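Subject: Structure for your review

Dear colleague,

Please find the structure below, followed by an account of what was found in it. I would be grateful if you could read the two side by side.

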Amino acid sequence: MRISLMSALAAIVLSNPILFNPVLADSWQDTLEAAKGQTVYWNAWGGDPQTNAFIAWVGQQTFERYGVALRQVKLTDTAEAVTRVLSEKAAGQDDEGSVDLIWINGPNFLTMKEQGLLFGPFVDGLPNAQYLDLSPASPNSVDFTVPVAGMESPWRLAKFVFNYDSARIDTPPLSMTALLEWATINPGRFTHPAPSNFMGATFLKQALIDLTLDTAVLQEPVTEDSFVAATRPLWKWYDALRPTLWRGGETFPENQSVQQQLLNDGEIDIAMSFDPASTAVAIAQGLLPETARVFVPEGGTIGNVSFVAIPYNAASREGAQVVANFLLAPDTQAHMQNIEVLGAFSVLAAAKLKADARATFATLQTAPGLPSLADLGPTLLEPHASWMTRLTQEWARRYTR
Amino acid sequence: MKPTGTGLRSVVLAALLLGIISPIAAGLIQTGRAAFGLMPVVGAHGSGLEVWRSLCALPGFWTSVRLTLWIGFAATFLSLTLATCFCATAHARMTGRSAARWLAPLLAAPHTAVAIGLAFVLAPSGWIARLLAPLVGWVRPPDLALINDPWGIALILGLMIKEIPFLLLVMLAALSQIPVQQHMAAARGLGYRRSVVWVKIIAPQVWPLIRLPVLVVLAYSLSTVEMGIILGPSNPPVFSVFVMRLFMAPDLAMILPASAGALMLAFLMGVASATLFVAERLVRYTGLWWIRAGGRSSTVKPLLRIASRCVVALFVIGALAMVSLVFWSLAWRWPWPSMLPETWSFQPWRNAAGVLGSALGNTLLIAGASVFVSLALAILWLEGEDRKGRGRAGWGEVLIYLPLLLPQIAFLYGLNMLFLRLGISGGIGAVIWAQVLFVFPYVMIVLSDPWRALDPRLIRAAASLGAGPLRQLLTVKIPLLLSPILIAAAIGTAVSVAQYLPTLFMGAGRISTLTTEAVTLSSGADRRITGVYASLQAILSFAAYAVAFMVPAFVFRNRAALKGAGQ
């Protein structure tokens with residue numbers, strides 16, 4: 001017991017020069033002490049076996065190093081955990097809550113923040129936050145245009161990409177207009193997830209950014225006027241696209257995994273993902289053919305950061321911070337970015353890393369289905385969360401009968 | 001003797017009221033408050049009918065309601081008709097026990113697993129299409145709406161595959177209480193054809209005995225979420241999925257219309273039950289006239305034959321669905337248009353092994369405990385009825401089956417609030433409690449008829465030999481009824497293993513079982529992993545059935561009439 005604690009402490013001190021800052025060191029030391037022996041229930045979407053395995057690995061590490069046990073509560077939808085915290089608040093359970101950590105971003109974060117369901121700010125207190133770019137405009141600091149304000153800690157990058165089977169398509173369409181042309185020539189070979197799912201909503205947002213004339217307005221909360229003006233080209237385009245979709249646009253896959261399965265089954269030729277590495281991982285897992293590749297529309301795609309947040313009533317909030325901090329350690333991030341583990345892109349700023357950490361990232365192997373950062377093009381900002389809600393509502397109003 | 005009977009009955013009734021009815025009522029009240037705009041935690045302080053107006057104004061609301069009613073009625077009507085016809089043609093050839101054995105695999109298969117397997121068998125890129133592809137010359141899968149079709153045909157088929165075996169089981173149990181042979185002989189003597197005897201004489205007698213199970217089937221068909229997601233249309237989806245999506249919306253204010261939707265679903269079930277009741281009356285009057293007319297020349301034999309062929313075809317498709325999942329669990333790459341996996345692998349099973357331990361342990365523990373509690377309650381209730389010397393009142397019947405007749409989402413959310421206030425949410429005890437709500441009614445469905453059919457002369461003989469009520473129960477009734485008790489336990493196990501929402505809500509997601517694992521992973525749509533978990537779920541329920549058939553055979557190896565090996 002004592003030995004493992006000592007070695008853990010040594011490891012932390014050696015890897016974190018910031019600990020020499022006495023104030024931070026003391027409070028972080030207190031956090032570590034309090035966290036020891038805690039069990040952290042991390043509520044995270046459980047549909048991806050690789051992510052589940054990575055979380056299990058994180059749990060082994062935090063248990064060995066800090067005595068913090070980690071259990072993944074597998075969700076089918078992040079809103080489950082949000083509702084759970086809300087139920088607890090409604091029932092007056094203001095401490096010893098059942099959720100310690102949530103994989104979260106965007107609208108769910110906005111909701112929790114607005115309803116006062118979050119603990120924090122805590123990110124500045126994490127020693128490994130030193131490797132993050134936390135400047136005001138950084139994607140780590142704004143989540144769907146909502147200021148993060150230290151209430152959630154980043155852990156992996158997400159960026160919109162299309163994928164396709166290069167054995168069936170020679171040159172994929174590189175813009176939304178080109179996609180419409182392609183779909184008209186190849187009816188029934190493209191679709192998108194139902195917009196009630198975040199991936200389907202993201203596809204609509206991507207199309208909106210690509211087609212609208214003035215993207216600056218998307219960064220403001222939506223108004224009726226701005227919405228009508230900004231989305232006019234989108235609906236014109238979508239009205240033309242919809243009849244060319246799989247099943248004539250009458251029904252849609254439930255989520256991106258179901259759509260990926262359609263691609264694998266050969267029912268469609270183009271699918272999409274919010275994780276640039278997912279295609280390479282799916283090839284390695286036998287879920288897509290060897291010939292599957294990623295493509296990105298010219299002009300770049302929407303990107304955002306996946307965060308972890310701690311509910312206001314979390315029973316193990318110290319343990320949760322230890323886990324959030326461990327997720328930001330350069331070694332953890334490099335392990336995560338390894339294509340054989342998860343392939344998810346790191347959130348750390350390369351410029352802030354030390355030479356040996358940078359070298360670790362440089363040695364990560366590549367795979368044919370894995371795009372380089374250069375291939376991915378520029379990252380576009382997420383519109384304000386209200387646009388997503390309004391967009392899916394309007395889509396339902398127009399196309400759900 | 002009477003006083004003890006009353007005492008026992010009051011104890012059981014109190015347990016039932018406290019343990020089953022009051023939590024459901026509390027849950028419904030919570031949901032009801034939210035449905036009428038009373039939910040301070042999201043800043044809603046009651047706005048009357050505003051919530052309902054916004055629910056009805058949601059795009060696709062009416063289509064979704066229509067779709068649900070159509071699917072619910074079509075699936076129930078077709079299942080009932082086909083099961084009745086199948087019984088009529090096959091009854092002579094099978095006894096209750098052999099049939100139960102034969103139906104066990106489909107009864108044991110979890111709904112989700114059947115749905116996922118069926119989706120693969122029927123899809124345009126699925127097994128049937130792959131078989132046809134070389135003949136028809138499909139290079140790519142055809143763009144046909146074979147699953148998730150706007151009419152919900154695939155969902156109806158999936159429901160039928162699961163519900164027909166259940167209805168057959170209860171029908172065979174009911175038939176054992178009716179002197180079919182004598183009726184048949186008498187009616188044949190009067191010049192009626194065999195098939196007509198079934199429609200005119202037997203079916204009307206069976207109906208009152210299976211009315212409640214049919215209602216249960218109707219309620220399930222109207223409220224299923226998992227099968228609706230996998231097989232049903234998506235834009236809009238069936239109403240239960242519609243409501244679920246509202247509950248899961250990132251905008252927490254949507255909980256209000258979601259609660260209204262959950263109540264609406266309960267209301268739809270009420271309407272459906274009322275419709276069934278009216279239809280029963282209509283059939284009773286017109287049917288009486290038809291029977292009195294006495295036409296002997298008519299025959300329905302060809303219809304019966306077609307219907308039983310349909311049943312066999314459905315069973316074959318259901319079996320294919322399960323087999324396809326076993327294949328998927330052993331596959332690595334299995335692309336279109338291969339009939340069999342291109343590369344095989346044990347990797348999905350190896351990957352699952354890590355998480356399997358705790359999930360399997362939890363599943364077994366919860367199933368064991370909830371089945372034990374349910375069986376104890378059921379035996380006490382039935383014994384109470386015996387001692388009172390009176391049958392079950394209508395309200396008693398409704399009380400028992402209430403959890404199955406209400407949509408789970410109408411009260412689970414509110415129930416969780418209650419458990420949170422009691423401070424037991426998130427524990428295994430809460431999950432077991434919540435599962436008993438659903439296991440107990442099924443145990444009662446299976447156990448009630450055999451219990452009542454027990455030869456009363458045996459009890460009288462025991463009484464005249466000086467055995468008191470307790471000894472009669474322990475040494476005569478329970479041993480004699482061992483076989484039905486074990487079958488009830490097996491069905492209870494299958495029900496418990498398959499519970500998703502109660503486990504999720506009451507366990508705060510922390511209690512992982514095979515089903516919660518399977519459902520979260522199926523949102524990731526990897527058929528190989530789904531195959532692993534679905535196979536395990538099915539194996540577990542199947543093992544329970546196997547025990548139910550083997551134990552009596554072993555215990556009563558020296559008692560020819562009790563072996564359970566069929567008369």
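Between the two chains, 46 residues of chain B are in contact with 55 residues of chain A, contact being C-beta atoms, placed from the backbone, within 7 Å. On the side of chain B that touches chain A, α11, β3 (331–333), α16 and α22 (514–522) each supply at least two residues; the largest share, four residues, comes from α16(B). Helices (H or I, at least four residues) and strands (E, at least two) are DSSP runs, numbered from the N terminus. By class, this side of chain B has 24 nonpolar, 14 polar and eight charged residues. Here Ala, Val, Leu, Ile, Met, Phe, Trp, Tyr, Cys and Pro count as nonpolar, Asp, Glu, Lys and Arg as charged, and the others, Gly among them, as polar.

Please note that this is a predicted model, in which local features need pLDDT of at least 70 and side-chain atom pairs count only at pLDDT 80 or more, while totals for chains, interfaces and linings use all residues. Residues are numbered from 1 along each chain as its sequence is written, and chains are lettered from A and ligands numbered from 1 in the order in which they are written.

Helix α11(B) (residues 239–247) is largely enclosed by the rest of the structure, because eight of its nine residues are buried. A residue is buried if 20 or more other C-beta atoms lie within 10 Å of its own, exposed if 12 or fewer, and partly exposed in between. The buried residues of α11(B) are Phe239(B), Ser240(B), Val241(B), Phe242(B), Val243(B), Met244(B), Arg245(B) and Leu246(B). Their packing partners in chain B are α3 (61–90), α9 (194–223), α10 (226–231), α12 (255–293) and α16 (408–422). In the loop between α10 and α11 of chain B lies Pro236(B), and the peptide bond from Asn235(B) to Pro236(B) is cis, with omega near 0°. A cis peptide bond also leads from Trp336(B) to Pro337(B), with omega near -5°; Pro337(B) belongs to the loop between β3 and β4 (343–344) of chain B.

Two helix pairs in chain B deserve mention. Helices α17(B) (residues 428–453) and α20(B) (residues 482–498) pack at about 155°, with axes 9 Å apart. Axes are lines fitted to C-alpha atoms, for helices over the stretch in contact, and angles run from 0 to 180 degrees between N-to-C directions. The pair α17(B) and α20(B) is therefore roughly antiparallel, a term for angles over 145 degrees. The residues of this contact divide into 13 nonpolar, three polar and no charged. The axes of α18(B) (residues 456–464) and α19(B) (residues 469–480) come within 10 Å and cross at roughly 155°; these helices are therefore roughly antiparallel to each other. Leu458(B), Ile459(B), Ala462(B) and Ala463(B) in α18(B) meet Gln472(B), Val476(B) and Leu480(B) in α19(B).

Chain A is divided into domain 1 (2–156 + 304–362) and domain 2 (161–303 + 377–399), with bounds from an automatic or database domain assignment. Their centres, taken over C-alpha atoms, are 30 Å apart. In chain A, 14 residues of domain 1 are in contact with 14 residues of domain 2.

Finally, Glu96(A) has a positive phi of about 55° although it is not a glycine, and with 12 C-beta neighbours inside 10 Å it counts as exposed.

Yours sincerely

Note on methods
Angles under 35 degrees count as roughly parallel, over 145 as roughly antiparallel, 65 to 115 as roughly perpendicular and the rest as oblique.
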